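Trainee: Could we go through this model together? I'd like to ask things as they come up.
Mentor: Of course, go ahead.

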Amino acid sequence: MFLRRLAILTVCCLLGAYTSSSFAKRTLPTLPLLNPESVEELESGYGIVMFDLDVAGKAPSIVIRRISTQSPFLSAGSKLTFETKPLRIPLTDTKQGFFAQRLKKGLYQITRVDAPFFNLPYKLDIENARAWRFYVAEEQINYAGKLVIEQTRGTEYIDVGLFNRFATDLKEIREAAGRFSESLPLNMATGIRDDFQMLLEQ
Amino acid sequence: MGKNTIAVCLCLLSLVSTHICAASTAIDAGQFFTNVDVRTVDLSPSGKRAAILRNTESSHRIDLYDTESQRESTLLDLAQFDDGETSIRVMTWLDDRHIAAQFVSSREGVKDLLDTRKTSSLVIIQVPDSAGESPLVYRVRTNGWLVDPLVSEPGQFLFAKSSVYSKVYRLEVSKLNRYGQKLSKLVKVDGGQFTPRNEVASVKGYATRWFVNSTSGQVTGVVFYSDPNTLSLASYNGQGDEERLSDWNVGEEADDEAKRLIPILATRDPNVFYSIDTNEDEQRSVYSVDFSSQQETLVYESRAYKIIDLIQDKSSLQLIGVKVIDEGSVRSVFFGAVEQQEDRFGPGSLDVVISQSLDSKQSLSYREAHNQPGTFVWHDGVGEPHVLGHYYPHFSKGFDTRMEVHSTEVDGLSIPYLLTLPADKPAPSFPLVVMPHGGPIGVSDNPYYDAATQLFAANGYAVLRVNYRGSSGYSQALRDAGKLQWGSGILHDIMAATREVMARDDIGKACIVGASYGGYAALSLILREPDTFRCAASLSGVSDINLYLNHSHRRGKRDKWLRENVGDTLTDYDALKDASPLYHLDTLSRPLMVMHGDEDGTVDVEHAFRVRHILEKYQKPLVFHVYEGQGHSFSEPEKAADAFNRILGFIAQSLHSG
């Protein structure tokens with residue numbers, strides 16, 4: 001009798017844990033990306049992050065977290081800690097082109113890319129990868145890079161990347177910034193040190 | 001008009017004509033960058049025939065060369081045999097009547113899943129008794145691979161089938177299904193041959209490779225998954241007993257930083273195997289590994305391509321070549337017998353026996369020299385050797401260029417270099433193209449045929465190729481000396497060799513041309529040494545080292561390797577920035593050409609566009625071109641030809657004006 005109750009209790013606990021974690025996954029807060037013209041006006045402490053998207057697949061998304069730092073990039077030896085919970089950015093409806101959203105200023109880490117394909121739950125964990133960061137400077141248009149999730153893939157691999165194409169696509173980036181480009185400066189906002197913009201503008 | 005005036009006009013006219021003629025008779029790069037004609041040749045066991053695998057315009061073809069009558073005929077033209085979507089990946093004789101080939105076919109597969117779009121099958125082609133007859137073609141429907149042709153047992157071969165229990169079967173060709181034959185109740189799959197009666201070896205676990213003694217036909221070893229997380233190497237003795245030689249942890253806890261040397265080819269020593277490091281980022285290295293003593297020796301590094309298989313001399317079992325993936329195609333690279341990495345390069349020519357008859361009287365050789373593209377030669381040891389095919393038939397006679405091999409001392413290192421000189425006499429000197437190779441670590445310029453070198457030489461240029469510190473093919477010390485030397489030691493080596501060559505009376509003005517790291521070297525040295533170089537061309541070149549190191553594909557062990565060999569962008573950003581030509585373009589004073597592919601996954605096209613923007617800022621000229629749909633290496637013939645034609649025109653104009 002005791003063993004039966006223990007077994008039932010164990011099963012219930014396990015079910016509860018599974019359900020809550022699944023529930024938690026399914027209910028990550030989301031932040032959609034918008035056409036840059038549709039982004040709301042900025043409040044104090046906010047900037048606009050802009051991605052150039054070229055993503056494919058059924059329901060791709062990325063997960064981001066803000067890093068605990070005031071700097072636009074982490075220096076050597078810095079510990080990576082997060083000051084926010086994960087935030088999911090669905091990409092299902094924003095597959096091709098420039099999309100933007102306003103975000104609180106800070107350095108962000110893309111911690112995960114999800115690119116499911118039917119029964120192939122492709123997931124790229126990049127929680128520590130420095131090349132998958134972007135910085136949102138206050139009151140600026142922050143170009144975070146070109147996010148690519150390739151259409152064609154293998155059963156065990158997929159080509160995913162975040163590429164800094166600031167020089168390559170500068171004209172298109174400026175055009176995509178739309179009305180904001182009249183009032184806000186453009187920032188090459190990859191979250192690692194890159195002195196190219198400084199060289200270009202000095 | 002006086003006679004003197006007419007004479008002057010005629011003189012001027014002839015000078016102008018000469019200049020125009022000279023400019024228009026540049027040798028086109030299209031001749032040098034084409035698909036090869038012959039892909040491979042194999043001699044039948046008796047030596048009576050050779051099978052020649054050729055590229056055709058849209059497909060492949062197997063031709064047969066009769067060594068007695070010295071006549072050639074077509075055995076199978078894939079374009080006519082199949083729907084045109086099939087290619088032949090590898091080919092070998094099973095016996096004197098049968099050729100085994102791996103057919104790779106395209107199919108619809110699962111939408112967007114690339115690895116479901118190709119299907120591979122083993123096909124056996126039976127040579128007809130009379131010329132002109134169509135061959136019988138059989139196909140093995142069961143998934144697996146050819147383990148050994150059993151040349152001494154005509155009509156039979158060993159075939160491996162892997163699953164929870166992996167087995168090797170002895171199959172008979174005559175019982176197989178014909179290619180395209182429909183199955184029915186009366187027609188069994190593969191003639192019903194996959195039965196215990198035909199088993200010759202088995203192992204519990206999924207086998208990835210079997211080793212067979214080709215003389216006896218006995219299975220001698222196997223690489224297999226002894227459990228889901230363990231890959232094992234086991235040897236078989238004559239009684240079929242298994243002895244475990246090595247285990248590798250391949251599960252999630254596996255150390256993917258350490259070398260994982262997986263055997264690919266057996267040698268005469270039952271404990272020694274030629275192995276590939278499957279943990280290596282790009283799988284370009286081959287080792288000889290003694291699994292009893294755990295001693296390993298690096299025997300070969302491919303220039304830039306992933307090695308997918310090894311080629312062995314069938315009698316000596318020595319390694320004589322590799323099969324590499326080059327822009328999606330498989331090709332063979334021969335290099336002769338190697339036992340150690342040091343001083344592997346011969347005197348500029350290669351003569352490798354790649355196939356022999358069973359009685360060793362007849363042989364098939366692969367020959368290549370710095371001025372002679374690959375040629376396949378049959379010899380019966382009595383008469384004159386007979387050429388069976390060329391990689392490039394239009395260059396069958398080779399070139400009259402000369403190559404000198406020298407070295408120069410830099411920082412206590414002996415830096416080898418190759419100087420190719422045109423056939424003509426200098427008038428009074430040859431303009432020089434300095435062509436640093438890419439890499440820079442673990443890559444080298446070999447003294448054999450190089451299309452770009454012969455193209456420049458055909459156009460009247462001397463060509464200097466420097467195996468700077470970091471290069472493979474010489475000593476481990478030279479290779480290791482290239483670590484963290486992108487912007488310093490390596491460039492010093494290139495300059496030292498350049499100065500030595502330019503001190504010669506027969507060498508004149510110089511330009512520098514390079515791809516990838518070579519492009520970085522070209523960009524850097526045109527800025528640092530404008531008195532030496534009159535122009536520079538960079539193809540897929542790195543302009544910003546920190547940008548290169550921070551590519552989003554560089555993670556884990558690749559990132560670690562780059563930190564150790566190129567530099568640490570987190571701790572040494574400023575030093576790497578200072579070594580990046582992007583940040584010194586204000587000093588550019590010579591013509592510069594930059595070309596790049598917009599789908600370059602190794603050096604992003606951003607490198608090229610950054611250079612363009614900065615030069616626009618400084619109002620300095622740039623010849624700029626981006627190739628759409630082009631990756632990092634320009635191995636597609638048309639694009640390579642276009643790129644080199646542009647470079648030829650650019651250099652000619654730059655040297656003429658400068």
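Trainee: What does B:Lys577 form a salt bridge with?
Mentor: In this predicted model, B:Lys577 is paired in a salt bridge with A:Asp195, and their closest N and O atoms are 2.8 Å apart.

Trainee: And how many salt bridges are there across the interface of chain B and chain A?
Mentor: The rule finds 5 salt bridges across that interface, and it also finds 19 residue pairs in polar contact there, both residues being at pLDDT 80 or more.

Trainee: Which helices of chain B each supply at least two residues of the side that touches chain A?
Mentor: On chain B, α7 (545-549), α9 (573-578) and α10 (606-617) each supply at least two residues of the side that touches chain A. The largest share of that side comes from α10(B), with 6 residues. Sorted by class, the side of chain B that touches chain A holds 13 nonpolar, 8 polar and 13 charged residues.

Trainee: How many residues does the contact take from each chain?
Mentor: It takes 34 residues from chain B and 38 residues from chain A, and the two chains bury about 3000 Å² between them, with 54% of it on carbon and sulfur atoms.

Trainee: What does the side chain of B:Arg610 make a polar contact with?
Mentor: The side chain of B:Arg610 makes a polar contact with the side chain of A:Asp194, at 2.8 Å. If you leave aside neighbours within four places in sequence, B:Arg610 is in contact with A:Asn164, A:Ala167, A:Met188, A:Asp194 and A:Phe196 from chain A, and with B:Asp544, B:Leu547 and B:Leu582 from chain B.

Trainee: Changing topic, which residues have the most contacts inside the largest nonpolar core?
Mentor: That core has 78 residues, and those with the most contacts inside it are A:Phe196, B:Leu432, B:Leu464 and B:Ile545. Helix α6 of chain B, residues 517-528, gives the most to this core, with 8 residues.

Trainee: What does B:Ile545 touch?
Mentor: Not counting residues up to four places away in sequence, B:Ile545 touches B:Trp486, B:Tyr520, B:Val566, B:Leu576, B:Ala579 and B:Ser580.

Trainee: Last one, on chain A: how many helices and strands does its secondary structure come to?
Mentor: Chain A has 3 helices and 10 strands, and from the N terminus on its elements run α-β-β-β-β-β-β-β-β-β-α-β-α. Of the 202 residues in chain A, 50% are buried. Among the contacts in chain A with a separation of 6 or more, 76% come from residues 24 or more positions apart.

Definitions and conventions
Residues are numbered from 1 along each chain as its sequence is written. Chains are lettered from A and ligands numbered from 1 in the order in which they are written. This is a predicted model: local features need pLDDT of at least 70, side-chain atom pairs count only at pLDDT 80 or more; totals for chains, interfaces and linings use all residues. Side-chain values use heavy atoms; hydrogens and water are left out. A nonpolar core is a set of buried Ala, Val, Leu, Ile, Met, Phe, Trp, Tyr and Cys residues joined through side-chain atoms within 4.5 Å. Buried means under 20% relative accessible area, exposed over 50%, partly exposed in between (1.4 Å probe, protein chains only). Helices (H or I, at least four residues) and strands (E, at least two) are DSSP runs, numbered from the N terminus. Contact means heavy atoms within 4.5 Å. Buried area is the accessible area (1.4 Å probe) that two parts lose on being put together, summed over both. A salt bridge is a side-chain nitrogen of Lys or Arg within 4 Å of a carboxyl oxygen of Asp or Glu. A polar contact is a pair of N or O atoms within 3.5 Å; within protein, one must be able to donate a hydrogen and the other to accept it, and residues adjacent in sequence count only if both atoms are side-chain atoms. Ala, Val, Leu, Ile, Met, Phe, Trp, Tyr, Cys and Pro count as nonpolar, Asp, Glu, Lys and Arg as charged, and the others, Gly among them, as polar.
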